[in-house]
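Please look at the two chains shown here and follow how parts of one chain pack together, and then how the chains meet. The report below takes these topics in turn.

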Protein chains: 2
Amino acid sequence: MTTVGIIGGGQLARMLALAGYPLGLRFLVLDPDPQACAAQLCAHLCAPYDDSKALDELAQRCQVVTYEFENISLEGLKTLATKVPVYPPPAALEESRDRLLEKRLFQSLNIPTPKFIPIDSLEDLRHAPQVLGWPFLVKTRRLGYDGKGQKLIRTAADIEAAWEQLGGQALIGESFVPFQRELSILAVRSPHGQTVFYPISENIHKNGILHMARSRPGDPLTQLAQDYAHKLLVHFDYVGVLALELFEMHGHLLANEMAPRVHNSGHWTIEGAQTSQFENHLRAILDLPLGSTEPVGFAAMVNFIGVLPALSDTLEPPGVHTHVYGKAERPGRKVGHATVRAADEKTLESRLHSLLGLLP
Amino acid sequence: MTTVGIIGGGQLARMLALAGYPLGLRFLVLDPDPQACAAQLCAHLCAPYDDSKALDELAQRCQVVTYEFENISLEGLKTLATKVPVYPPPAALEESRDRLLEKRLFQSLNIPTPKFIPIDSLEDLRHAPQVLGWPFLVKTRRLGYDGKGQKLIRTAADIEAAWEQLGGQALIGESFVPFQRELSILAVRSPHGQTVFYPISENIHKNGILHMARSRPGDPLTQLAQDYAHKLLVHFDYVGVLALELFEMHGHLLANEMAPRVHNSGHWTIEGAQTSQFENHLRAILDLPLGSTEPVGFAAMVNFIGVLPALSDTLEPPGVHTHVYGKAERPGRKVGHATVRAADEKTLESRLHSLLGLLP
């Protein structure tokens, strides 16, 4: 009997568990929230992420530990990794959660990025447009997600306000990329180096939160995206799912950020690929053979943000697969998603259109 | 928040829960076994099936109750049904678990069956071949499953031994059907009468236990099987999944038995149909729109009986989806299954052949 520990008990942990039970696995999630939605179906350690007793218990009860949440104590994670295998490697987490380290890593691996500079003072911010041009983005290096912790600076007049809002913490300036498409690629690697890639996702954000992701099997940029992801896998001697978000600019790709975990832009893999990202993440961290990432038809995913549509509405149309996370509704919160699948792209677009009509 | 109660905490309950969590449902299983495998992922009332306190708690905590196990107290179930909706209707359970009532019901609905007679004495058994011919089967009316509680009688010399083994309980004699195929059809009906059917399953038993089931979309006997199942749905004002097992004899169908629940011969629907039998059972009992039963490629299922093959073996080949139930291995026990899926029948057969080679 193998028990997998998961730090974080949100929807990613929940979907990992749903993918892992059919493999005979058991799950133990660590989450300080007594209402953590994964706890509806997993054993739950209700304690702070850096609680050393809880981390010890995780190490004792689990054969392997993974995480679905990035803002955890790195020290705790590294200590944990001396007692039980922790995947993906903590080093990947360390670099991914600091936008400056992350961009420098991309640069060192010859993965193109938007122009960027560290910003540690109002002075730095005032000089940024000389390097980055106009407009440009200023972001916190840490703790940003879903569009939080960043400002678009259009003119010199925006600088003071942005500093007032974000200053006092480590920042990064990035040139604004007028991209044609936002893409992501999900790669999976197992301890002995078996590597698979999912078809590229084409993503649309709304208010900084992922709104929709479409699988793009056979996209002409597939090979390039795989090459970039592969460099990261090798660099970290990576184990698990890695998501790399990219901008497409005139046939080139610029790396925006990476996430060392299963990723929202890959939720369509549950129905739209032979093996889901969740199952393959588990297979990877348990050193089991990775499953096929071949597409099953054409698929797209739409997030339910803040509120859920009526279940009776989303269960009606053919090809729509509803995923409710068991979380309380709250503005801006991801409370569920639906995958739409079809045998051809035209039917997919029409089904997607109908589904979007059901959203509040 | 909707909680579904399930009487019985085995693999069927487990797979119902795995299908229901993505719909935002919660589950409470009643099972006297502290090791009940569904309890690994569901809330668990550990009490006898006829424990009135436990049944009361089920009624209080659940919005609807279903069952995965047929040998429960009918009185308890009927009392429960006065407090909370119980689906499928207890009447269907009552008739299905007595082979004589069941066969008489089939007869009354003009659903052909093998010849049968009640057997209540050694005298009855001695006279049986005059009606049933040779060879014939004698079975207990109640509590038979997986080939248990039945004997094939080939000659008059077998009669005494069969009586010694099975006599003293209510029995039924049935003529032996030298069938060409064993088939089953799974039908689903919701409270307002929406009805869907899955493609026919072609089943192979070994030692009385289901060994393999293949989906047969477009089988020429589909309409006939649907007609028979439909009569049962209407008769019971049925809600949920109903499985009807049939023998094919020279293009005709003879009803063997029915099961008022999700069914082993429909496990391939998890990967091989747009909506699984488990999800559709839940949709039906919750009066939600039923999902499409369209096939996704060609699919077959192989049971793991007694022992599990190595996970690393079954996860390797493409198109194989492994389901481990989290139960201890024991001879004759269903401990898991694998679904094999392919885009065409030839590939399916070749994948199935490889999978069978992995079984112990």
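In this predicted model, helix H1 of chain B, residues 11–20, packs with helix H10 of chain B, residues 277–285, at an angle of about 75°, and their axes are 8 Å apart. Because angles of 65 to 115 degrees count as roughly perpendicular, H1(B) is described as roughly perpendicular to H10(B). On the side of H1(B), the residues that take part are Met15(B), Leu16(B), Ala19(B) and Gly20(B), and they meet Phe278(B), Glu279(B), His281(B) and Leu282(B) of H10(B). By class, the residues of this contact between H1(B) and H10(B) are five nonpolar, two polar and one charged.

Between the chains, 23 residues of chain A are in contact with 23 residues of chain B. Helix H11 (311–314) and strand S16 (320–324) of chain A each supply at least two residues of the side of chain A that touches chain B, and S16(A) gives the most to that side, with three residues.

| Class | Side of chain A that touches chain B |
|---|---|
| Nonpolar | eleven residues |
| Polar | nine residues |

How is chain A laid on chain B? A turn of 180° with a shift of 0.0 Å along the axis does this, with an RMSD of 0.0 Å, and the two copies are therefore related as by a two-fold rotation axis. In chain A, the C-alpha nearest this axis belongs to Leu41(A), at 2.4 Å from it. Since 100% of the interface residues of chain A are also interface residues in chain B, the copies meet through the same surface.

Key. Residues numbered from 1 in each chain as written. Chains lettered and ligands numbered in written order. Predicted model: local features only at pLDDT ≥ 70, side-chain atom pairs only at ≥ 80, totals over all residues. Contact = placed C-beta atoms within 7 Å. Helix = DSSP H or I, 4+ residues; strand = E, 2+ residues; numbered from the N terminus. Nonpolar A, V, L, I, M, F, W, Y, C, P; charged D, E, K, R; others polar. Least-squares fit on C-alpha atoms with pLDDT ≥ 70 in both. Axes fitted to C-alpha atoms, helices over the stretch in contact; angles between N-to-C directions. Parallel < 35°, antiparallel > 145°, perpendicular 65-115°, else oblique.
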